[in-house]
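Student: I'd like to go through the charged pairs and then the contact between the chains. Can you take me through them?

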Amino acid sequence: MADLSTNLAGIRSPNPFWLASAPPTNTGYQVQRAFEAGWGGAVWKTLGDPIINTSSRFAAVSFNGQRVAGFNNIELITDRPLDVNLKEIYETKKRFPNHAIIASLMVEPKQEKWHEIVKRVEDVGVDGLELNFGCPHGMAERGMGAASGQQPDLVEAQTHWAKEVATTPVIVKLTPNITDITVVARHAVRGGADAISMINTINSLAGVDIHTWNTIPHVGGQGAHGGYCGPAVKPIALNMVAECARHADIGVPISGIGGISTWQDVVEFMLMGATGVQVCTAVMHHGFRIVEDMIDGLSNYLDEKGLASVEELIGRSVQKYSNWGDLNLNYQVVARINEDNCINCNKCHIACEDASHQCIDMLTNADGKSVLQVREEDCVGCNLCSIVCPVDGAIDMVAIENDLPPMTWNERQRTIASLNDAYNVEVM
Amino acid sequence: MSAFAEFEQEKQQIDAILAQGYTIAAIQENLDGALLHFIQASSHAERTQLQILTADARKYVTTLLFARQTQLAPG
C-alpha cells in the first residue's frame, strides 16, 4: 500500500486530506470526530476577534437534479472566544499528536495584532498557521479577509508581521477575487510565506426568489454577497493552483482548495502542483465519513500506478500546462461516431449545426436506418459533440496523424516577423 | 461550400504560385486574413500577391515557412 503521508512546508500529515477552515472545523468536538473518521489534518475555523453571525447563512445552487453543485455562505469567522478555541486545539492536538492542526488567523492589518495572535495560538501547539486573506464577505467590509488579500503590499506586510514571531510554518490563503492570483502569491512569498493555499470563496449571490423577490439567502428581507464554493468552482481553483505552481517566482508548496469532493479531485490538484488539499463543501454535504472513500480511492489509484508515495504525484502535470501561444496549431483531433453505441438522439448534430462548424450529417444508410456521420475534413475538433452526447462511447475524439511539424502561435508569429524583416519592399 | 473546400481552393492557389517559381517574401496580416507577397525566386523582379481568407490556409502557409526555417519538411 502506498504511503499517503505528506509534508507541506514542514507540516506533516498522515494523508493529504485536510478539512478547510470552515463550519466543520468550528470546535474540538468536530475536529476530533473528523480525525477519527480519517482526516489527516484540519485548518481550524478562523480565529480572531469573535464576531456575531446572522441567522440564515447558507444557500446552495442545484443544477438539473444535482444538489449542491455550488454552495454560498455569508457566515463569518469564529464567534467563540479565543481562549475557548485554544483550549480545544490543545486538547485535540494532545489526543491526535500525529495529525496536522493549522490555525487559520484573521486580524486587523496591524503588526501588534498579528504578533499577539500568532504567539497565543502557537503556545497551544499548532503545527502551522494559515493567514486568512480570502474571506470575501463581512470581514472584508472591516478591512480584513479579501480586502487585505486584494492588496499585494498588504499581503506582503502582514505575512512579514506574522513571520516575525512565528515558529511554525506560515501558509497564506489567497482570495480568487482578483485578476491575477500569482501577483498576490508572489507578494506572500516576498513576505516570507512558507506555503500558500487557494482558493478561498468567490463573491456570489446564490439566487433571487422570483416569487418574493428576496435574495437567496436573505436575512429578514435583506441580502448581502457571500462566498461561493463547491464542485462548481473546482475548475477556477484548479487553474489558480496550476498558475501558481508553474510560476517561477512563487516556488512554495501549495495547499489546494476549491470544490474537492472525490479522490479523483485530489489527484488532479496534486498533479497540478498541490502538496495536499483542503475540503469543506463536500463534508457539509455528506459528512466527515466521505474521507474513507477518498483514502481508499487514492490508495488504490497509487497502487495501480505503481507509485510508492502520494508525494510522487505532486506537480507531475504542471509542465503540461502552458500559455495558449505555446500550443501546437498543427495538432488535430476529429470526432468519430460509433454507430454501435449511438442512439440517434441527434444532440451532436444540433450542437454542431447551431454552435459549431456544421460537420455532422444526418444520413440514411442502405438499410434505411438513420445514421449520423462526421465529415472529418470539416471537423475542427472542438469536442462539443462529444460533450453533449448522452452516451459514453458513442463519440470518440481521435487524434489525426499528419506529417506537419508542431508549430505554435508564438512560433508562427516569429516566423512571419522574421520573414517580413528580411523583405525589403515598399508595399510593407 | 464546406470550410475544407474553401481551404483547398486557397491551398491550390498558393501551391500554383509556388509551382511557378515564386517564393513567399512577406505576409501582411489584416482584418480579412493575410496578404501574401510572392517574388520570383530566380529574378526577384517579378512579384505577385494573394489575399487568403481561411484560417487553415493562413496556417498552411506559415507551416510551410516554419518548416523551411526549422529544416523540417511538411507533407
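Tutor: First the term: a salt bridge is a side-chain nitrogen of Lys or Arg within 4 Å of a carboxyl oxygen of Asp or Glu. This is a predicted model, where local features need pLDDT of at least 70 and side-chain atom pairs count only at pLDDT 80 or more, while totals for chains, interfaces and linings use all residues. Residues are numbered from 1 along each chain as its sequence is written, chains are lettered from A and ligands numbered from 1 in the order in which they are written, and side-chain values use heavy atoms, without hydrogens and water.

Student: How many salt bridges over all chains?

Tutor: The search of the whole structure gives 20.

Student: What does Asp83(A) pair with?

Tutor: Arg120(A), in a salt bridge with N to O at 3.1 Å. Asp83(A) is in helix α2 (residues 82-95) of chain A and Arg120(A) in helix α3 (residues 111-122), so the pair ties together parts 37 residues apart in sequence. Helices (H or I, at least four residues) and strands (E, at least two) are DSSP runs, numbered from the N terminus.

Student: Is Asp83(A) buried or exposed?

Tutor: Exposed, at 53% relative accessible area; Arg120(A) is partly exposed at 33%. Buried means under 20%, exposed over 50%, and partly exposed in between (1.4 Å probe, protein chains only).

Student: And which residue does Arg375(A) bridge to?

Tutor: Asp378(A), with the closest N and O atoms 3.1 Å apart. Arg375(A) is partly exposed at 24%, whereas Asp378(A) is buried at 4%. Elsewhere, Lys45(A), Arg57(A) and Glu75(A) are joined into one network by salt bridges that share partners.

Student: Now the interface. How many residues of chain B are in contact with chain A?

Tutor: 26 residues of chain B, against 22 residues of chain A; contact means heavy atoms within 4.5 Å. The buried area is about 2000 Å², with carbon and sulfur atoms giving 60%. That area is the accessible area (1.4 Å probe) that two parts lose on being put together, summed over both.

Student: Which residues make the salt bridge between the chains?

Tutor: Arg412(A) and Glu29(B), with the closest N and O atoms 3.0 Å apart. The count between chain B and chain A is 1 salt bridge. Several elements of chain B give two or more residues to the side that touches chain A, including β1 (22-30) and α2 (55-69).

Student: Which one gives the largest share?

Tutor: α2(B), with 9 residues of the side of chain B that touches chain A.
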